[in-house]
Amino acid sequence: MTAPAADAPDRKADIDAFARRHKFRWTEALPWAAAIACYFTFENYHALGAQIFATILFALSLDLLIGYAGIITLGHAAFFGVGAYAAGIMAANGFHEPLSGLVIAALAAGIAGFASGAIVLRTSGLTLLMQTLVVAALLQELANKWTSVTGGSDGLLGMKIDPVFGVFRFDLFGNTAYIYCLAVLFLGWLAARNLICSPFGRSLTGIRENAARMRAIGAPVERRKIIIYTISAALAGVSGALIAQTTALVGLGALSLGRSGELLIMLIIGGIGRLYGAFIGVPLYMIAQDRFAAVDPVFWYFWIGLFMIFDGVFARGGALGVIARRRGGSPPQ
Amino acid sequence: MFSAKISGILLGAAAMLGFTAGACAQTVKIGIISSYSGFLSQAADEMEKGINLHIKEYEKTLPAGVKLEVVRRDDGSNPETGKRVAQELITRDRVQLLFGIVSSPVAAAVAPLTAEAKVPLVITNAAGAGITRISPYVVRTSFTLWQEAVPLGQWAAKQGWKTAFTAVSDFLPGHDAEGAFTKGYTDGGGKIAGAVRFPPANPDFAPFVQRIKDAKPDVAFLWVPAGAQATGMLKAARDLGLREAGTKIVSTQDLAPDEELPNIGDIGAGLITAGTYSTYGERPANKAFLAAWEKEYQGKAIPDFLSAHGWDGMTMVFDMIRATNGKFTGDEALKFFTTWKTDNSPRGSIAIDPATRDIVQDIYIRRHEMKDGKLVTVEFDSIKQVKDPWKELNPPK
């Protein structure tokens with residue numbers, strides 16, 4: 001945020017842009033149009049599509065933290081995992097309704113986010129990074145040890161999920177899963193978009209840029225950080241529940257460092273702090289991974305690595321960063 | 001993304017071409033799911049080599065006109081990915097059989113799909129005891145830890161060793177091994193003097209071995225996942241003089257898989273393990289298996305029990321293809337598998353138990369000793385035709 005220019009016409013343009021920034025632009029409909037078109041053109045890829053949508057929601061929740069509030073974390077899988085296990089444990093113990101499963105997962109992950117956030121957010125920088133890692137590692141060990149409830153390293157078995165609205169059964173081809181995940185992602189995106197365009201969202205950007213100054217103007221920095229941490233955790237929990245319900249299983253991998261790290265990579269590929277980074281980075285990474293792994297199941301990691309190097313060298317700031325630079329554009333908001 | 005999509009389309013088109021071309025001849029399409037990447041990739045490699053070797057050796061013996069097509073997919077040691085690739089193999093590639101799978105969570109994730117799609121799954125490693133219960137379309141040619149550790153416990157009790165101490169890796173397979181050994185040992189009249197569990201990731205074994213030593217048991221049952229940890233465990237036992245203190249060390253074959261023997265070296269001498277397969281097994285079928293292996297891999301790899309289990313899984317599938325001339329439905333293949341048996345496995349005589357679709361096999365009690373400067377395995381006792389004891393102890397509800 002640079003200081004506004006002194007001359008009046010420029011300032012008016014800035015103010016206009018600021019006032020219009022929450023309005024929908026036609027480009028924002030593109031991801032949804034593409035998702036619906038893919039439903040009909042790639043009939044055999046619905047299972048992959050559903051996982052991509054759920055992961056986009058997960059990446060979106062991470063973007064709220066890293067991109068907007070400037071809270072760096074390497075343990076975001078903790079909340080994904082809490083949501084997945086919450087939905088999974090319910091479904092394995094006689095409560096099979098999927099939508100209420102999502103709500104419970106959001107609550108459980110939100111509570112975990114609030115409780116851990118109240119402690120770890122007292123720190124910042126590398127210390128914070130380590131603390132978030134520790135939270136995820138502790139939860140993973142808990143899930144590993146508590147075998148009677150979580151199934152330990154064998155994973156949680158015996159989940160049964162009812163049809164959505166009692167009608168749409170989760171089928172072998174992933175048709176229901178595709179639409180289900182897409183619809184939930186749409187709602188999550190609406191919520192996230194509203195949030196970051198709100199005054200609360202703007203204050204987060206302020207905290208990211210200069211927390212001391214925000215304190216000086218009287219903003220409750222600590223409280224806002226905990227609120228966004230809780231909201232982001234709840235969204236991550238919904239994403240975890242989506243994956244758990246559509247695949248009918250939860251494993252220890254849901255809480256792993258690998259999952260947190262991979263998510264960060266996907267977000268970086270797309271572009272951090274731009275809301276749509278998740279919509280580009282996640283499909284790019286997951287489709288590349290799927291294709292490489294199908295063509296060369298033994299050495300596909302090499303090709304992913306090569307792809308990552310090229311991406312890092314030639315596409316700094318992620319795909320959206322490249323586009324913005326081409327258009328002489330702006331740094332992330 | 002576009003190039004990825006285009007290659008996807010091309011691949012799809014190629015698959016369709018393959019499908020229509022295959023309709024004139026008889027194409028048998030098998031989907032192999034394995035952990036080519038992730039923390040289980042070393043195990044997956046051992047299994048893959050056994051599977052590939054069998055295909056290479058016996059592809060020419062298939063009935064005339066039958067063509068084998070194998071599609072391989074990586075589960076990354078991750079159940080979600082495993083489930084998704086299984087789903088894609090069934091719906092997109094239209095495979096008639098699923099095969100392989102190293103990790104138990106992946107197998108548990110894939111199993112429910114097989115019932116819905118009526119596509120049989122032949123498991124050639126994943127040893128979680130309950131997995132074959134999940135779907136009636138699951139058949140296993142590998143083993144369960146209960147199958148090895150219960151007979152080992154009984155055998156140890158029979159040696160007149162009165163007290164035992166168990167030390168296992170603290171995750172589910174470790175808990176299985178502990179439970180199974182304890183069951184066999186106490187049923188045989190032995191007494192458990194104590195039990196410890198250590199963290200599965202990079203543990204320091206010394207304090208745990210010290211606790212065993214302090215308890216002065218007649219026998220210590222150790223269990224770590226197959227791989228590099230075995231050497232660390234045995235080193236700690238040697239450094240603290242566990243054996244000199246009068247404690248024998250027993251384990252399942254995970255503590256001394258064939259490819260680890262050169263790394264373990266003389267610290268493994270005196271160790272006793274229970275297992276399904278060893279390269280030192282004196283059986284004609286094993287000799288033939290090793291000769292084929294040597295010809296193919298020329299000393300660059302050592303087979304272990306995973307390779308033998310993968311090889312046997314393919315033997316069963318090939319027998320089924322020969323019996324049906326390559327024309328079979330999922331149910332027909334399953335029916336063949338559930339009554340399948342052979343005396344010609346590198347492991348000896350093996351069979352599928354029709355009631356549980358799990359394998360019945362001999363469990364060998366082996367002693368590891370130094371011979372010409374090399375650690376070798378000597379099979380000196382065996383328990384014949386062991387069924388998975390877990391299934392008898394936990395009848396279906």
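Strand E6(B) and strand E7 (residues 191-198) of chain B run parallel, joined by 7 bridges; two strands count as paired if DSSP finds at least two bridges between them. Across this pairing, B:Ala167 sits opposite B:Val196. Keep in mind that this is a predicted model, where local features need pLDDT of at least 70, side-chain atom pairs count only at pLDDT 80 or more, and totals for chains, interfaces and linings use all residues. Residues are numbered from 1 along each chain as its sequence is written, chains are lettered from A in the order in which they are written, and side-chain values use heavy atoms, with hydrogens and water left out.

E6(B) also has strand E8 (residues 219-223) of chain B as a parallel partner, through 5 bridges. There, B:Val168 faces B:Trp223. As for cover, 6 of the 7 residues of E6(B) (163-169) are buried, meaning under 20% relative accessible area with a 1.4 Å probe, protein chains only.

Now for the meeting of the two chains. Chain B puts 35 residues into the contact and chain A puts in 37, with contact meaning heavy atoms within 4.5 Å. You'll find 5 salt bridges between chain B and chain A (a side-chain nitrogen of Lys or Arg within 4 Å of a carboxyl oxygen of Asp or Glu). One to look at joins the side chains of A:Asp290 and B:Arg73, at 3.2 Å from N to O. On the chain B side, H3(B) gives the largest share of what touches chain A, 8 residues; helices here are DSSP runs (H or I) of at least four residues, strands (E) of at least two, numbered from the N terminus.

Conventions
Buried means under 20% relative accessible area, exposed over 50%, partly exposed in between (1.4 Å probe, protein chains only).
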